[in-house]
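Trainee: I am new to this model and would like to look it over with you. Please start with a word that I will need.

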Amino acid sequence: MMHGKRELPRSKRGLTALVALALILCCAVGGTVAWLATATGPVTNTFTPAKVETEIEEKTDNGVKENVRIHNKGDIPVYVRAAIIVNWVDKDGNIYPQKPEKGTDYTIIIGNKWKESNGFYYYESVVGVKNTESPDTTGVTEALIVWCEPVDGKAPTGYHLQVTILAEAIQADGMGATSAQDAFAKAKTN
């Protein structure tokens, strides 16, 4: 018969301590989660996306297209680029198979603030949002096409010169871009 104090074997003492520690941690975590669930109200995040929109303004008179400009109709400053597509088209909208040649079939003058690269014309400045209170912020580019007209006698029979402008804009803020060409290149890679 053994007299005195009874002790658990060492392996059981460690196990008991581990179970007690796990029970304390579960109670602490459960209590914290319960408190947060009852003490924290709902959080509402409202995001308003920027509106990027353009509109092309052009004047055509007797086959001469002039003063083509692009307006920023959005609510954020933008970079703008445009493509100029030139075709011979008949009265039904059919395109002639041979494309007109610049300088041979038609004459075009591009505005000074536009630079051509890879089939696009990039506007050199940020186009701000039109501000009725500040005449300095017009929300419009300088002319892309100052003047464009077909050369007399070059149009195929039954066709006329059609000049189509396709414009794109991308927000200027937050891009880390220094030019329109840079902004569109960054957007393409992201």
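Mentor: A residue is called buried under 20% relative accessible area, exposed over 50%, and partly exposed in between (1.4 Å probe, protein chains only). Keep in mind that this is a predicted model, where local features need pLDDT of at least 70, side-chain atom pairs need 80 or more, and totals for chains, interfaces and linings use all residues. Residues are numbered from 1 along each chain as its sequence is written, and side-chain values use heavy atoms, without hydrogens or water.

Trainee: Is Asn67 buried, partly exposed or exposed?

Mentor: Asn67 sits in strand 2, residues 64-72. Its phi is positive, about 50°, although Asn67 is not a glycine. Because its relative accessibility is 36%, Asn67 counts as partly exposed.

Trainee: And Asn118, buried or exposed?

Mentor: Asn118 lies in the loop between strand 5 (114-117) and strand 6. Its phi is near 55°, a positive value in a residue other than glycine. With a relative accessible area of 73%, Asn118 is exposed.

Trainee: In what order do the elements run from the N terminus on?

Mentor: Helices (H or I, at least four residues) and strands (E, at least two) are DSSP runs, numbered from the N terminus. The protein has two helices and eight strands. From the N terminus on, their order is α-β-β-β-β-β-β-β-β-α.

Trainee: What percentage of the residues of the protein count as buried?

Mentor: The protein has 190 residues. Trp114 and Tyr123 are both buried. Of the residues of the protein, the share that counts as buried is 26%.

Trainee: What is the angle between the planes of Trp114 and Tyr123?

Mentor: Rings of Phe, Tyr and Trp (its six-membered ring) pair if their centres lie within 6.5 Å; planes under 30 degrees apart are stacked, over 60 edge-to-face, and the rest tilted. The count by this rule is four aromatic pairs. Trp114 and Tyr123 form a tilted one, 5.0 Å centre to centre, with an angle between the planes of 55°.

Trainee: Which residue lies over the face of Phe120?

Mentor: Phe120 forms one aromatic cluster with Tyr122 and Phe184. A charge sits over a ring if NZ of Lys or CZ of Arg is within 6 Å of the ring centre and within 35 degrees of the ring normal. At 3.8 Å from the ring centre of Phe120, the residue over its face is Arg81.

Trainee: Which element gives the largest share of the lining of the second largest pocket?

Mentor: A pocket is an open set of points on a 1 Å grid over the protein atoms alone where a 1.4 Å probe fits, with protein on both sides within 12 Å along at least five of seven lines; lining residues have an atom within 4 Å of a point. The second largest pocket is lined by Arg81, Asn118, Phe120, Tyr122, Gln181, Phe184, Ala185 and Lys188. Two elements give two or more residues to this lining, strand 6 (120-123) and helix 2 (180-189). The largest share, four residues, comes from helix 2.

Trainee: Which elements give two or more residues to the lining of the largest pocket?

Mentor: The lining of the largest pocket includes Ile84, Ile85, Val86, Tyr106, Ile108 and Ile110. The elements giving two or more residues are strand 3 (78-90) and strand 4 (106-110).
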